[in-house]
Number of protein chains: 2
Amino acid sequence: MNTKNKKIGKQTIKLENPPKIIATTSIVGAKEGEGPLKNYFDIILKDQGNGEKSFEQEETQMMYEAIKETIKKANLKESDIDYLFAGDLLNQLGSSSFAAREVNVPFFGLFGACSTMAESLSLAAIMMDGGFANHVIASTSSHFCAAERQFRFPLEYGSQRAETAQWTVTGSGAMLLAHEGDFPYITHITTGIVKDYDMTDPNNMGAAMAPAAVDTIYNHFKDTGRSPKDYDIIATGDLGKVGKKLTEELLLEYGYDIKGIYQDCGDLIFDSEKQNTNSGGSGCGCSAVVASGYLYKELKKRNFKRVLLISTGALMSPTTSLQGESIPGIAHAVAIEYK
Amino acid sequence: MNTKNKKIGKQTIKLENPPKIIATTSIVGAKEGEGPLKNYFDIILKDQGNGEKSFEQEETQMMYEAIKETIKKANLKESDIDYLFAGDLLNQLGSSSFAAREVNVPFFGLFGACSTMAESLSLAAIMMDGGFANHVIASTSSHFCAAERQFRFPLEYGSQRAETAQWTVTGSGAMLLAHEGDFPYITHITTGIVKDYDMTDPNNMGAAMAPAAVDTIYNHFKDTGRSPKDYDIIATGDLGKVGKKLTEELLLEYGYDIKGIYQDCGDLIFDSEKQNTNSGGSGCGCSAVVASGYLYKELKKRNFKRVLLISTGALMSPTTSLQGESIPGIAHAVAIEYK
């Protein structure tokens, strides 16, 4: 028999010294800055960047700015930061690696597709709770044009978009964890298991990721003994309208009714009818900017006292899709409180 | 002022409850199985796989086998494993994500290019030391043919290889950490900072990664108060002959003479003249199989009592290289003892 210290149940850690989120930054592109959450974002770019030479460099610059700005907001210096956990969607973590190059901080690169924000926040919190660090930054980014040309087609092709397709968010979010001060804090980490229900359509990632989201939320409830009524908001990463509906229905089959308190970051960030974003937003940057912007700011105002963030990732690549593979999904959950 | 618990110096953690490496598995391709370390590998494949449909599936299968075999060797069940930390070189962690799909274990995906073995081992050790888990697996893989067609050219082109080029190792290594038993244990983790000295030649990754290796080794000595004489072997990940020479020379300039105890996993794994591998081996699988095979087995025999493993990564992608970017490097170090 395993005797766990801080692990409760199969997938969840209960933090003993809940690290506080003392500062966050959300940077978004122009389109995201016209959406329903526009007042929650710290920096809205004019287009997708600030005149950098390529989409990839725009994304790198966004993440670097998000990190730099977050350190500044916390009145800290770069040398105060013990670790940086970061990831993105680009091959070989193009934007995180190059953003990390600009900061003189020990760096762990992560890839969990669009689940990376909760993955980085989980590991950052574990690092803090375990007594290995005083200040850790978690950050992710994505960029619509860089993602389109890497995962689908160059924009110049003018390809038609499926009804179930999602729109990769241009944005980067960063969160800074510390021990001191009066700020929202992380209480639980539920780490995802890869789930694959044989979905093969890369234009319907919401459906591919929904089973992973359901599994992680279900196990979070089971491990913690909590239920939907313990949360003011349960926010999945970027399932979009299609995946959100599936998640709600599947969880009901498992006996949990989350309607009323359930939102999806991909659904929240765009007005899909007016903004023509079909099923909604996606990308590592999606749950990053919604969590760093909307969720964090509403927590700070105590409009939310307990939030469950579940970033969701579709772990496919163009190669695996072309080789006929199905799309495995993963979802990581982080519980944040401010009482 | 920061008051650190377990962190000593800027980049190093001293573990209070050193987790033990209770089992490892190394699986390699046929070419690696003909090299100087052939007697240290657990499984040598006939070619690069076992008849799977694609190079990518061969790599996935190798990692899955390495994980499964390691659990079996330790007389454990999959359900005993708390976390899996894994990564590889393929876009969107193709082989790790699909290997993780086969195991019902909470999964953290990592990308640190060829530094990923030490990255995964670092985070696995931190998870153990912090009291968050009883059994954690760290694993990485790479595959010559899958890497060649993704990073360079399809093999069918028959492109000529530069003298400074390295040969991606086909292999996967896995290590299982636990608290109990009499086994080699991890004492220190030194996490790398991204270093970029404006090298732009993707056929000379050794030179691009050497400054990162030097920086991490130097800071490991500085943080711990140790020196080369405290180690029986210092093994960098995959700098190859070119990077190894540079590292030795640069560290001498910093006042540390590592000659005599310094080896490079990429240099060790092939007989480069006979096997035509130019500067030596590379890839996430390189330091993974050399550490899981050679280093671990020599530790267990107490022929090595203290080992410093420094996996080194070149954080470039074909996109960033084509866009004229230089190649940032990173190196993570893990100190392993058996006294």
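The contact between the two chains takes 67 residues from chain A and 67 residues from chain B, where contact means heavy atoms within 4.5 Å. This is a predicted model: local features need pLDDT of at least 70, side-chain atom pairs count only at pLDDT 80 or more, and totals for chains, interfaces and linings use all residues. Residues are numbered from 1 along each chain as its sequence is written, and side-chain values use heavy atoms, with hydrogens and water left out.

**Interface of chains A and B**

- About 5,500 Å² is buried between chain A and chain B, and carbon and sulfur atoms give 55% of that.
- Buried area is the accessible area (1.4 Å probe) that two parts lose on being put together, summed over both.
- On the chain A side, A:Q92, A:R101 and A:F132 lose the most area to chain B, together 14% of what that side buries.

**Salt bridges**

- The rule finds 6 salt bridges across the interface of chain A and chain B.
- A salt bridge is a side-chain nitrogen of Lys or Arg within 4 Å of a carboxyl oxygen of Asp or Glu.
- A:D82 forms a salt bridge with B:K7, with the closest N and O atoms 3.0 Å apart.

**Helix packing in chain A**

- Helices here are DSSP runs (H or I, at least four residues), numbered from the N terminus.
- Helix α5 (residues 205-224) of chain A packs against helix α6 (residues 240-253) of chain A at an angle of about 40°, with their axes 8 Å apart.
- Axes are lines fitted to C-alpha atoms over the stretch in contact, and angles run from 0 to 180 degrees between N-to-C directions.
- A:I217 and A:Y218 are among the α5(A) residues that meet α6(A), where the partners include A:L250 and A:L251.

Terms used:
Chains lettered and ligands numbered in written order. Helix = DSSP H or I, 4+ residues; strand = E, 2+ residues; numbered from the N terminus.
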